[in-house]
Every structure is written in C-alpha cells, then in structure tokens.
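Subject: Structure handover and findings

Dear colleague,

Please find the structure below, followed by notes on what was found in it. I would be grateful if you could read them with the model open beside you.

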Amino acid sequence: MSSVINLLDAVKEQEKLQKDNLAFKINRGNQKAGDTLVKIEDLVKQALDNGNEIENGVEKLQDRLGGMKYKPEHFGYVAMIKLSSVYSNIDIQRIVEQGFIGKNILPIFDPRITQPINVVRYPAGALHPITGKKLTEEMFTAWDGQQTSSTIEALLMFGLIELDGEFYIKANVIDYDLEVPGSDITGEAVANFGFRTINGTKAKKPVDPYYVMRSEANGKRLYGSTLQEDVHSDAMWSCMEANNMLPAPTTGTEKKLPGHVAHVSGMKSMVSHDTENFDMVTFEKTIKFLSAYFDKDNGINSSFYMAIAELFQNMKDQDITVGFNDAQFAQFVKDKYANGDGFSAYAKRRLYQLQDKLGVKRSWTDSCSVPYMISDYIEYCEENNLEQGKVPMPPKMSQYVNLVEKV
Amino acid sequence: MWRHPYSGMTCYGISSNPDSRIRKYEGHNGFNVKWDYLISGSQEHIDALENDLKAFVKKLGVGFDEYEWIQKDVGYASIVDTVEYLSQGKSFKKIISD
C-alpha cells in the first residue's frame, strides 16, 4: 500500500526550497561560483541528457548525407590574409553600416574582439568569379565580416593602426572549388548561402537580454570594468540582490520562481541604462516595492514590472516624494487583482474591451497599466473609506479610462 | 473540487456555472456527483489560486497526466489545507467546504 502524501507539507517544503535556492544564488553571487570552466564535451553530454533535439537534428543531417561523412578539410581553414586582397561581393553583403560602426563598434572597439571575416579564396590561375577571366594573382571574396573589415580599414585610414607594410586580417577561408558531402554548391553560391545562414535567425539565436546584463555586471564585479554599461548593470544587479531579487532569462523556468524578473530589457529601458539619465533611485523604489509586497508571486511578469516601474516614474516626474501609501497600494493590488499575473490578465481584458468598442485592432500596450491601476485605486479607496494619499496622475489617463469604456 | 469515489483522485477547476459543470461530470461518470469543495471569488483571485495550485501539482509531480486531477496518493484533507493555505490574502466566499 502506497503512503499518503500530505500536499500542504510538500508545498511548504517546495516554497522553502525555492527561497533557499534564491538565497543561495544571491549569496554565492558570481564571484564564488566554482566550476565555471566546463569542457565542450561535458556541456554537450549534459545537453544530450536533458533533451533529444540535438539527436533528432543529427538524424536529419545523417539522412541528408546519405551515409557520407565530413572530413576536417571540409571545414576550410583559418588564415591571416592581406586586407588589400579582399573584395566584398556587394550582391551578397550589406552596405557599410556607418551608424552602427560609428555608434556601436568604435566607441568600445577592442582589436582582440574582432571576429575572422569569412572569405572564398581564388588562387592565381582560377577564374574570376564575376568576369570569368583567369586570375593572375590570388584574391578573396568576403561574404561576412563587412563591418569588421570596414572598421579596420577606417582605423588604417585614420592612422590608428601602426603598420609597417601590409595589414593581414584574420579570415575563415574556404577554397572556391571546395565540395562537401550533402551539398552541390561551391564558390560564390556557398558565400551567398553562408551570408543569410550565418546572419539569419536559423543559425544565430539572439542572446537573451539576461545573459548580456549578466556579462555586463560580471564585467564590473569580476573584472573591474569601468565601462558605463557594466557599472550600470552591476548597480542594478546589486540592488536586486540587496532586495532578494534577481534577473532571469526570458526562457526556462527561473522566471516563474519568486523573486525573479525576466523583463531585463524593460528594466534597462525604465532605468535609462547606459545613458547620462541613469536613475537608480526610481529603480530601487520599484524593486523595493516588488520585493516587499510581491515576493511570493511566481516571478514578476513583464507588464506588471512595467506598470510598477511607470508608477514610480510618474511619481518622480510629478515630484511626489512623500504621501504615497505603498502598503495600502500593494494591498489594493492584491485585493483587486490577486497578484501581478492577475493584474496583467485584467489590464489586457480591459484594454481589449476598450479597443473592441472603439473598433480598433486589439494590441497590447503598457501605457494602459498605470491609468487602470490609478483609476481602480481611487475607486477602491472610496469604496473602503480609505485615505487615498498622494498618487500620480498618469499622462495618458484619459486615453484609457474614459466614457467610451462604459458605452 | 471533487474526489472521485472510485479512482480516489481529486479534480479541481474553475467554472462560471458550477451547476452546468456538475451535470457534465455526471454525464461522463454515470452517477450523481456533488462538489466536495466549492468557493467563489473574482476572476483574478480564482485564476491566481488555480495557477498556484496547478504550479505546485506540476512541480511535485502529483497530477494525473496533463489533466486537472490530483493523484489518489495525495490525502484529500491535505489538498483542502493547501487550497486554504494558497487562498490566504485572497477573497473567497465558501459555498461548500466539507
């Protein structure tokens, strides 16, 4: 006979475990984390233990290869090649992204963080890929790395690279006639396919904002970085830790655990991260409020985070420094919406009803959140004979709370 | 909530019309069904309670498949205790709480 499970005991144990895990992660920080260097082989073994997607993908590739196998030479090779011998295939590559190079690459340029450009090699004697004429000297056509090579060229032009002779650039090279199993294309056709494959979403999964923020915060706390983006992220991360909260990735289960905020891009945008308007005071008020009153929620969802962050931003904009009853406001949120998820579902329903009445397409916007909260809070205080205290008047109140709702 | 008299499992769920829902249960089972535990509240509070309960049932692996059923090994009284524990701070009106 199986033993009877006491669900309440198990639930409380689970809650304690979650709390301990959060405390462990916060106390451990990132400085004492051991085993941070893991062999690729072990990472893959771990991934294979956790799912079968890789295995399924390998099976598909095996089918395409029809029994053939790759050899090391099929992967091309890495070499230092003369920058002057590199031609951009402008039918394949983008234009030079002047703004991106000027604003994103150059201000934080570091020569060690340049990736090899991807090129096809045409030796002397081969046919020119466009004109078909026999080449008298070696040339390379570049199909990826345009912004890298253009940046280096600009640095050379402006004399920022001391040079004696030719500049040799790192390159990932494939020969124009290299054939590989499972494919019937060579040369510029590979370049054309490679450009969209390596730059598209099929091959490159965008990095979750959480990992970027973690890298920035670690830049400051582990490696003494003084970069503004690192200093700001470390301040935010530390503020969250001090309030028993942590950022979380947008995918996975962590974001649904108490004390976690997965809306890293929202947090950064509200705090004016990496700008001169960086505002830790309002950020800290937001985090303190969420930590004090919503620490048992299954994570703080994006729209609820934005609502509370905008509430405190509105208070700052309207110079409300005292008189806001945060405990009463939190109790109102719990009484009216149950929790953050309840508020988000409620706000979405209410907004969609309004949009239906106005005959416009349904679409979510965070702008409705504070107007709904404030309007409901005023009603709540009236119904319960409570002192309302000071509350901000959201600038877009009349757009979302108006007579049309009651038609 | 309702505890199945033969399987011993407990089902839970949300309905805006419990009378209609119970008739469906009777139709599926072929015998009279009476709620063991029934509460009412705002949509936000009811949704929050169900989400919390569902999350723990999933984490603890005590559900039946992906359905809103809790395995028979879980003591019914402790399920009620859990619901009341998770209801703390929320406003519900008890209708049946045997």
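Helices (H or I, at least four residues) and strands (E, at least two) are taken as DSSP runs and numbered from the N terminus. This is a predicted model, in which local features need pLDDT of at least 70 and side-chain atom pairs count only at pLDDT 80 or more, while totals for chains, interfaces and linings use all residues. Residues are numbered from 1 along each chain as its sequence is written, chains are lettered from A and ligands numbered from 1 in the order in which they are written, and side-chain values use heavy atoms, with hydrogens and water left out.

The structure holds one cavity of 30 Å³ or more, where a cavity is, on a 1 Å grid over the protein atoms alone, a set of points where a 1.4 Å probe fits but cannot get out, a pocket is an open set with protein on both sides within 12 Å along at least five of seven lines, and lining residues have an atom within 4 Å of a point. The largest cavity contains about 50 Å³ of space, a volume being the space filled by probe spheres set on the grid points, which are joined across faces, edges and corners. Helices α9, α10 and α11 of chain A each supply at least two residues of its lining, and among the lining residues are A:Met267, A:Phe283, A:Tyr305 and A:Asp279. By class, that lining has six nonpolar, three polar and one charged residues, with Ala, Val, Leu, Ile, Met, Phe, Trp, Tyr, Cys and Pro counted as nonpolar, Asp, Glu, Lys and Arg as charged, and the others, Gly among them, as polar.

A:Asp279 also forms a salt bridge with A:Lys316, the closest N and O atoms being 3.3 Å apart. Because A:Lys316 lies in helix α11 (residues 302-317) of chain A and A:Asp279 in the loop between α9 (264-271) and α10 (280-293), the pair ties together parts that are 37 residues apart in sequence. Over all chains the structure holds 20 salt bridges, each defined as a side-chain nitrogen of Lys or Arg within 4 Å of a carboxyl oxygen of Asp or Glu.

The largest pocket has a volume of about 1,300 Å³. It is lined by 38 residues, of which A:Phe100, A:Ile105, A:Ile113, A:Gln115 and A:Thr148 are the closest to its centre. The largest share of this lining, six residues, comes from α7(A), and the lining as a whole divides into 13 nonpolar, 16 polar and nine charged residues.

Turning to the interface, 24 residues of chain A are in contact (heavy atoms within 4.5 Å) with 19 residues of chain B. The two chains bury about 2,000 Å² between them, 58% of it on carbon and sulfur atoms, buried area being the accessible area (1.4 Å probe) that two parts lose on being put together, summed over both. In chain A, the residues that lose the most area to chain B are A:Ile5, A:Leu7 and A:Leu8, together 29% of what that side buries. Across this interface the rule finds one salt bridge; A:Arg349 forms a salt bridge with B:Glu44, the closest N and O atoms being 2.4 Å apart.

With best regards
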